[in-house]
Amino acid sequence: MFERLDSFRSSYENVKRWLRPLEDAAHILSAPAEQTADCVRVQMQWLKNELKNTYTRKEDTVMVENFERYTTGFWEGLFACYDTPYLPRTNNDHERFFRRTKTRHRRMTGLRSWNRYIWRSGEFVIWVDDALKQDNLLKRLHCVDYESYLRERSRWESRLLEGTNRLRFRRNPNLYLRCLENRVCSLIGQT
């Protein structure tokens, strides 16, 4: 086993060299809250340029291209959290919240996937779970008039109906099309 370690030495040395710019990027992005988005953007642009100029070996091409592609894909939204104080730097809290909601659903239903549950109930599942933890929920609900509630409920149900119809069509296209044809025929007075 130890004889094979020498064959990985060059790969290990490359990965060790590549760790430095990743640590630099993490340091730049974990800037204090007082820094502006422009300041962090300039530092990241400098790091990208430095990476292209410093890591010029043939084996470095993979790392440089990957870093460039990754940062370019996220560039527009990468710095928004520095100028907007209520916007978190990561979505870890959201991910934890979704994980807790999915776990609770899995325990209630015994089903591994919650896709059908979301198709049937929509984002309402998440809203209810979040709203139940808020202190002033009842006071806020009393402020909503019934007509506004009905309008929003109607929009929400029509949005959910699109997913339901897609699911019905995928499950049995002939039955779905036959029901649709029967409904159109009844509207125009044909049997």
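Visitor: Is Arg41 buried, partly exposed or exposed?

Guide: Arg41 is partly exposed, because its relative accessibility is 30%. Buried means under 20% relative accessible area, exposed means over 50%, and partly exposed is in between, using a 1.4 Å probe and protein chains only. Keep in mind that this is a predicted model, where local features need pLDDT of at least 70 and side-chain atom pairs count only at pLDDT 80 or more, while totals for chains, interfaces and linings use all residues. Residues are numbered from 1 along each chain as its sequence is written, and side-chain values use heavy atoms, leaving out hydrogens and water.

Visitor: Thanks! Which residue does Arg41 form a salt bridge with?

Guide: With Asp38, and the closest N and O atoms are 2.8 Å apart. A salt bridge here is a side-chain nitrogen of Lys or Arg within 4 Å of a carboxyl oxygen of Asp or Glu.

Visitor: And where do Asp38 and Arg41 sit?

Guide: In helix H2 (residues 37–54), 3 residues apart, so about one helical turn separates them. Helices are DSSP runs of H or I with at least four residues, strands are E runs of at least two, and both are numbered from the N terminus. An α-helix has 3.6 residues a turn, so residues three or four places apart point the same way.

Visitor: What about Lys48, what does its side chain meet?

Guide: The side chain of Glu68, in a salt bridge of 3.4 Å, N to O. Lys48 is in helix H2 and Glu68 is in helix H3 (residues 61–78), so this pair ties together parts that are 20 residues apart in sequence. Lys48 counts as buried at 7% relative accessibility, whereas Glu68 is partly exposed at 24%. The two also belong to a salt-bridge network with Lys52.

Visitor: How many salt bridges turn up in the whole structure?

Guide: The search finds 9. One of them joins the side chains of Arg20 and Asp24 at 3.7 Å, N to O. Both residues are in helix H1 (residues 9–29), 4 residues apart, or about one turn of the helix.

Visitor: New topic: Thr101. Buried or exposed?

Guide: Buried, because its relative accessibility is 2%. Thr101 belongs to helix H5 (residues 92–109).

Visitor: What does Thr101 touch, leaving out residues up to four places away in sequence?

Guide: Trp114, Val125, Ile126 and Asp129, where contact means heavy atoms within 4.5 Å.

Visitor: Which residues form the nonpolar surface patch?

Guide: Phe124, Trp127, Val128 and Leu132, with about 410 Å² of accessible area together. Patches take residues with over 30% relative accessible area and no salt bridge, joining like charges within 9 Å and nonpolar side chains (Val, Leu, Ile, Met, Phe, Trp, Tyr) within 5 Å. Areas come from the Shrake-Rupley method with a 1.4 Å probe, and for residues only the protein chains shown count as cover. Leu132 sits in the loop between helix H7 (124–131) and helix H8 (137–142), and is exposed at 63% relative accessibility.

Visitor: Last one: which H9 residues are buried?

Guide: Among them are Trp156, Leu160, Gly163 and Leu167. For Leu167 the relative accessibility is 17%. Its C-alpha lies 9.3 Å from that of Arg116, although Leu167 and Arg116 are 51 residues apart in sequence.
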